[in-house]
Amino acid sequence: MIIQFILTAGVCICLLYAFNQIKRWPLSFAIALVATLGLIFIWQPEWSNWLAVWGGVSRGADLMFYIWIVISMFVILNLHI
């Protein structure tokens, strides 16, 4: 239960950053979207499990890890270019 509050605080900081970067709207929209989904999955973890099973992955945590890998690759590619 405590970890949910810690994660929520971190995600809310990301949301504040997204709203602060409103001039760069595609990036800020993507950050806000990911942060909002993060808040939903923090407080409703069974939804991530349902989505994972629907997508063919065994657990919601594995699905989040795979999504994190893809997002990280996009960030690295963006920094490289």
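**Helix packing, a salt bridge and a nonpolar surface patch**

Helix α3 (residues 45-55) packs against helix α4 (residues 60-80) at an angle of about 75°, and their axes lie 7 Å apart. Axes are lines fitted to C-alpha atoms, for helices over the stretch in contact, with angles running from 0 to 180 degrees between N-to-C directions. The two helices, α3 and α4, are therefore roughly perpendicular to each other (65 to 115 degrees). Ser48, Asn49, Leu51 and Ala52 of α3 make the contact with Gly60, Leu63 and Met64 of α4 (heavy atoms within 4.5 Å). Helices are DSSP runs (H or I, at least four residues) numbered from the N terminus.

The model is predicted: local features need pLDDT of at least 70, side-chain atom pairs count only at pLDDT 80 or more, and totals for chains, interfaces and linings use all residues. Residues are numbered from 1 along each chain as its sequence is written, and side-chain values use heavy atoms, with hydrogens and water left out.

One salt bridge was found in a search of the whole structure (a side-chain nitrogen of Lys or Arg within 4 Å of a carboxyl oxygen of Asp or Glu). Asp62 is paired with Arg59 in a salt bridge, the closest N and O atoms being 3.0 Å apart. Arg59 is partly exposed, at a relative accessible area of 46% (buried is under 20%, exposed over 50%, partly exposed in between; 1.4 Å probe, protein chains only).

A nonpolar surface patch is formed by Trp25, Phe29, Leu33, Leu37, Ile40 and Trp47, which together have about 660 Å² of accessible area (Shrake-Rupley method, 1.4 Å probe). Patch residues have over 30% relative accessible area and no salt bridge, nonpolar side chains being joined within 5 Å and like charges within 9 Å. Helix α2 (residues 25-43) contributes the largest share of the patch, five residues. Trp25 lies in helix α2 and is exposed, with a relative accessible area of 58%.

Notes:
Angles under 35 degrees count as roughly parallel, over 145 as roughly antiparallel, 65 to 115 as roughly perpendicular and the rest as oblique.
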